Amino acid sequence: VQHSLGRCYMTGNGVDHDEKKAARLFRKAAKQGLAPAQLGLGWCFPNGAGVVQDEEEAMKFYRQAVEQGLATAKHVLGECY
């Protein structure tokens, strides 16, 4: 639920657009081991979306999602190289 709500805040779908809230929700879900949330939080970092821009943090969360077998994360991580 946290990841889905975070996506709503990131896109402004049904709620006011709020990247900081989105990133906080992604972080909570990522800490619980949800791979799509790890990918979503990873995306926030290189884009400075609700967090301080940080490529290394992005890679950390992309790797976490990859370790769980999320195919999209594998693609995104590959694009970083």
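Let's start with a cysteine: Cys8 is partly exposed, with a relative accessible area of 23% (buried means under 20% relative accessible area, exposed over 50% and partly exposed in between, using a 1.4 Å probe and protein chains only). Before going on, note that this is a predicted model, where local features need pLDDT of at least 70, side-chain atom pairs count only at pLDDT 80 or more, and totals for chains, interfaces and linings use all residues. Residues are numbered from 1 along each chain as its sequence is written, and side-chain values use heavy atoms, with hydrogens and water left out.

Back to the cysteines. A disulfide is a covalent bond between the sulfur atoms of two cysteines, and here the term covers a pair of cysteine sulfur atoms within 2.5 Å. Searching the whole structure turns up zero of them. For Cys8, the nearest cysteine sulfur belongs to Cys44 and is 14 Å away. Cys80 counts as partly exposed, at 36% relative accessibility.

Now zoom out. The chain has five helices and zero strands, where helices (H or I, at least four residues) and strands (E, at least two) are DSSP runs numbered from the N terminus. Its radius of gyration is 12 Å, close to the 12 Å that the globule rule gives for 81 residues, so the chain is as compact as a globular protein of that length. That radius is taken over C-alpha atoms, and the rule is 2.2 Å times the number of residues to the power 0.38. Along the principal axes, the C-alpha atoms fill a box of roughly 35 × 25 × 20 Å. Of the 81 residues, 36% are buried.

What sits inside? The largest nonpolar core has 23 residues, and Met10, Leu41, Cys44 and Phe45 have the most contacts inside it. Such a core is a set of buried Ala, Val, Leu, Ile, Met, Phe, Trp, Tyr and Cys residues joined through side-chain atoms within 4.5 Å. Helix H1 (2-11), helix H2 (19-31), H3, H4 and helix H5 (71-79) each give two or more residues to this core. Not counting residues up to four places away in sequence, Met10 touches His17, Glu19, Ala22, Phe26, Trp43, Cys44 and Ala49, a contact being heavy atoms within 4.5 Å.

Phe45 also belongs to the one aromatic pair in the structure. Its rings, those of Phe45 and Phe61, are stacked at 6.0 Å centre to centre, with 5° between the planes. (Rings of Phe, Tyr and Trp, the last by its six-membered ring, pair if their centres lie within 6.5 Å; planes under 30 degrees apart count as stacked, over 60 as edge-to-face and the rest as tilted.) Phe45 lies in helix H3 (residues 35-47) and Phe61 in helix H4, so the pair ties together parts that are 16 residues apart in sequence. Phe45 is buried at 5%, and Phe61 is buried at 6%.

Helix H4 (residues 55-67) also holds Tyr62, which is buried at 4% relative accessibility. Beyond its neighbours within four places in sequence, Tyr62 is in contact with several residues, including Leu39, Trp43, Ala73 and Cys80. The C-alpha atoms of Tyr62 and Ala73 are separated by 5.7 Å, though the two are eleven residues apart along the chain.
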